[in-house]
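Q: Please take me through the features of this model one at a time. I would like the general rule before each case.

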Amino acid sequence: MKILYEVQTFTLCDGWTNTWTISGLEMDVNKKFKTVPMTFECYEEAQQAIELHLEEMEEYGMDEDRDDFRAVKLNKEIA
């Protein structure tokens, strides 16, 4: 069994939630690409994605609060 991790973002309306998605990897029943939650194979990979995101936002002059992001183990395992 494989354990997955996700990046969660703190939002005022919903609290901690995974807002990171990937588009175009799977098709729905109507043959349209659907959006799926982004997951990572290990905690370090998820944390590295957060760091990269924060660096990119800083380069663009956007002030992101580091405390609004966290890497979390999902409660489900995949085979």
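A: Start with burial: a residue is buried under 20% relative accessible area, exposed over 50% and partly exposed in between, with a 1.4 Å probe and protein chains only. By that rule N18 is buried, because its relative accessible area is 18%. This is a predicted model, in which local features need pLDDT of at least 70 and side-chain atom pairs count only at pLDDT 80 or more, while totals for chains, interfaces and linings use all residues. Residues are numbered from 1 along each chain as its sequence is written, and side-chain values use heavy atoms, with hydrogens and water left out.

Q: What share of the 79 residues in the protein chain do buried residues make up?
A: Buried residues account for 25% of the 79 residues in the protein chain. One of the buried residues is V7, at 0% relative accessibility.

Q: Where does N18 lie, and which atoms does the side chain of N18 reach?
A: The general idea is the polar contact: a pair of N or O atoms within 3.5 Å, where within protein one must be able to donate a hydrogen and the other to accept it, and residues adjacent in sequence count only if both atoms are side-chain atoms. N18 lies in the loop between β2 and β3 (21-27). Its side chain reaches the backbone nitrogen of W20 at 2.9 Å and the backbone oxygen of M38 at 3.4 Å. A further polar contact, of 3.0 Å, joins the side chains of N18 and E6.

Q: How many salt bridges are there?
A: A salt bridge is a side-chain nitrogen of Lys or Arg within 4 Å of a carboxyl oxygen of Asp or Glu. By this rule there are two salt bridges. E41 pairs with K2, with the closest N and O atoms 3.5 Å apart. That pair links distant parts of the chain, 39 residues apart: E41 is in the loop between β4 (33-37) and α1, and K2 is in strand β1. E41 is exposed at a relative accessible area of 54%, whereas K2 is partly exposed at 34%. E51 and R66 also meet in a salt bridge, at 2.8 Å from N to O. E51 lies in helix α1 and R66 in the loop between α1 and β5 (69-78), so this pair ties together parts 15 residues apart in sequence. Both are partly exposed: E51 has a relative accessible area of 27%, and R66 has 46%.

Q: Is E6 buried or exposed, and how far away is the nearest side chain of opposite charge?
A: For charge, Lys and Arg count as positive and Asp and Glu as negative; His and the chain ends are not counted. The place of a charge is taken as NZ of Lys, CZ of Arg, CG of Asp or CD of Glu. E6, found in strand β1, is buried yet has no salt bridge. The nearest side chain of opposite charge is R70, 7.3 Å away.

Q: Which residues form the surface patches?
A: Patches are made of residues with over 30% relative accessible area and no salt bridge; like charges are joined within 9 Å, and nonpolar side chains (Val, Leu, Ile, Met, Phe, Trp, Tyr) within 5 Å. Accessible areas come from the Shrake-Rupley method with a 1.4 Å probe, and for residues only the protein chains shown count as cover. A negative surface patch consists of E55, E56, E58, E59, D63, E64, D65 and D67. Among them, E56 sits in helix α1 and is partly exposed, with a relative accessible area of 34%. A nonpolar surface patch of about 350 Å² is made by F10, L12 and W16. L12 is placed in the loop between β1 and β2 (15-17) and is exposed, with a relative accessible area of 83%.

Technical notes
Helices (H or I, at least four residues) and strands (E, at least two) are DSSP runs, numbered from the N terminus.
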